[in-house]
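Here is a short briefing to read alongside the model. Please keep the viewer open as you go through the points.

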Amino acid sequence: MNYPKRVRLVEVGPRDGLQNEAKPVSVEAKVALIDALAAAGHKTVEAGSFVSPKWIPQMADTDRVMAEIERKPGVSYPVLVPNKQGVNGAIEARCGEIAVFTAASEAFCRKNTNCSIDESFERFAPVMEAAQRHGMKVRGYVSTVIACPYDGKVAPEKVADVAERLFRMGCYEVSLGDTIGVGTPLECVAMVEAVAEKMPREKLAAHFHDTYGQSLANIMAVMERGIAVFDTAVAGLGGCPYARGTSGNVGTEDVIYLMNGLGIVHGVDLDAVAQAGRAICTELGREPASKVAQALKAKQAV
Ligand code: HMG
Ligand code: MG
């Protein structure tokens, strides 16, 4: 097997996870979660979004969250921004990294951001300029890389086009999102191979939602093709408000357990992440979706 020696995990629970939870979470609980995830060894913890509070009310307090987190040296706390107004919020909050997001399907792009794919790139132009002026790193997301909840199957070539545009525009990394979690390993490999024809594969990350329980298999499959950055959410929290019925991201605990078993270095402490997951799940009044988190919780109860 041709696996990397080391992978980087991008913790997206405080953003992708919490944006889709029905119960509002206090600033204090968000800050405690982000600080705990950084203390567990994560080098990237996505902390929130500067998007319209009418569209995503759960992220409306990102400015206060950014003001109160610890900001551990060597840790990046990216926030999502869709447009100029979003990047202005990120600048005011002294963010060192932002993420822009678009999609490989027109229908999803419109539902998620009220514009076409081309228009999303028009909005990114001033964002990139401001980011450069303020020394902020920019990550890019492509959603619906396997299928769209409105338009069905998405062609790998379309994903490759959009990913290449983000990369050429200046994103240091492009994260490929199976937003609705329907992909299976061969589809994910075909998609990654199409993208890797257009941009360097070492600049790619995989962002799998676990709706159909295929995330770990998909991670194994694309890792064999040289992908070494994976977006994960503590406790498997989350979903996407514009793709109803979808599950959260693959659980951070599940991915850590897998990597530990494979002897692949990632630098994150499993028990510390599981502890952070239990705390936020108590806040939310829900059980973790991650199987490993459930197993550790049951073991602890004994
Ligand atoms: P719009 O309504 O077309 O925007 O929304 P607009 O420019 O016409 O402005 C309308 C109102 O929104 C105005 O306020 C603006 O000030 C305000 P009003 O005058 O009505 O009071 N507004 C903003 N407020 C705060 N921050 C901003 C901002 N921009 C405008 N940045 C917009 C367009 C993009 C803003 C909207 O559609 C939006 O916020 N969408 C966010 C969608 C979102 O966050 N989705 C979830 C994240 S993406 C995701 O989860 C997928 C991912 O995980 C990967 C995967 O799984 O595939 C990344
Ligand atoms: Mg997502």
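The notes below go from the metal site and the ligand to a handful of individual residues.

This is a predicted model, in which local features need pLDDT of at least 70 and side-chain atom pairs count only at pLDDT 80 or more, while totals for chains, interfaces and linings use all residues. Residues are numbered from 1 along each chain as its sequence is written, chains are lettered from A and ligands numbered from 1 in the order in which they are written, and side-chain values use heavy atoms, with hydrogens and water left out.

**The magnesium site**

- The magnesium ion (ligand 2) has D16 (OD), H207 (NE2) and H209 (NE2) as its protein donors, at 2.1 to 2.3 Å. Donors are N, O and S atoms within 2.8 Å of the metal (3.2 Å for Na, K and Ca), and sites may look incomplete because water is not among the atoms.
- Along the chain, these donors follow the spacing D-x190-H-x1-H.
- D16 sits in helix α1 (residues 13–17) and H209 in the loop between β10 (204–208) and α9 (215–223), so this pair ties together parts that are 193 residues apart in sequence. Helices (H or I, at least four residues) and strands (E, at least two) are DSSP runs, numbered from the N terminus.
- Both D16 and H209 are buried. Buried means under 20% relative accessible area, exposed over 50%, and partly exposed in between (1.4 Å probe, protein chains only).

**The surroundings of ligand 1**

- Ligand 1 is surrounded by 26 residues, and the closest are Q19, N112, N114, S143 and T179. A residue counts as near a molecule or strand if one of its heavy atoms lies within 4 Å of it.
- By class, this shell holds 9 nonpolar, 13 polar and 4 charged residues. Here Ala, Val, Leu, Ile, Met, Phe, Trp, Tyr, Cys and Pro count as nonpolar, Asp, Glu, Lys and Arg as charged, and the others, Gly among them, as polar.
- A nitrogen atom of ligand 1 lies 2.8 Å from a polar side-chain atom of N83, and a nitrogen atom of ligand 1 is 3.2 Å from a polar backbone atom of G86.
- Taken alone, ligand 1 exposes 1,100 Å², and the protein buries 75% of that. Accessible areas come from the Shrake-Rupley method with a 1.4 Å probe; for residues, only the protein chains shown count as cover.
- The elements giving two or more residues to the shell are α1, α4 (84–92), α5 (106–113) and β6 (137–143).

- With a relative accessible area of 5%, T179 is buried.
- The T179 side chain reaches the backbone nitrogen of T144 at 2.7 Å. A polar contact is a pair of N or O atoms within 3.5 Å; within protein, one must be able to donate a hydrogen and the other to accept it, and residues adjacent in sequence count only if both atoms are side-chain atoms.
- T144 lies in the loop between β6 and β7 (147–148) and counts as buried at 0% relative accessibility.

**Positive phi angles**

- Most residues other than glycine have a negative phi.
- T144 has a positive phi near 50 degrees.
- R71 also has a positive phi, of about 55 degrees, although it is not a glycine. R71 lies in the loop between α3 (62–68) and β4 (79–80) and is partly exposed at 25% relative accessibility.

- E46 is in the loop between β2 (44–45) and β3 (48–49) and is buried, with a relative accessible area of 0%.
- The side chains of E46 and Y141 make a polar contact (2.5 Å).
- Not counting residues up to four places away in sequence, E46 touches several residues, including R15, D16 and L80. Contact means heavy atoms within 4.5 Å.
- L37 is in helix α2 (residues 27–39) and counts as buried at 0% relative accessibility.
- L37 and Q275 are 238 residues apart along the chain, with their C-alpha atoms separated by 9.5 Å.

**G170**

- G170 is in the loop between α7 (156–169) and β9 (173–178) and counts as partly exposed at 42% relative accessibility.
- Leaving aside neighbours within four places in sequence, G170 is in contact with M128 and V138.
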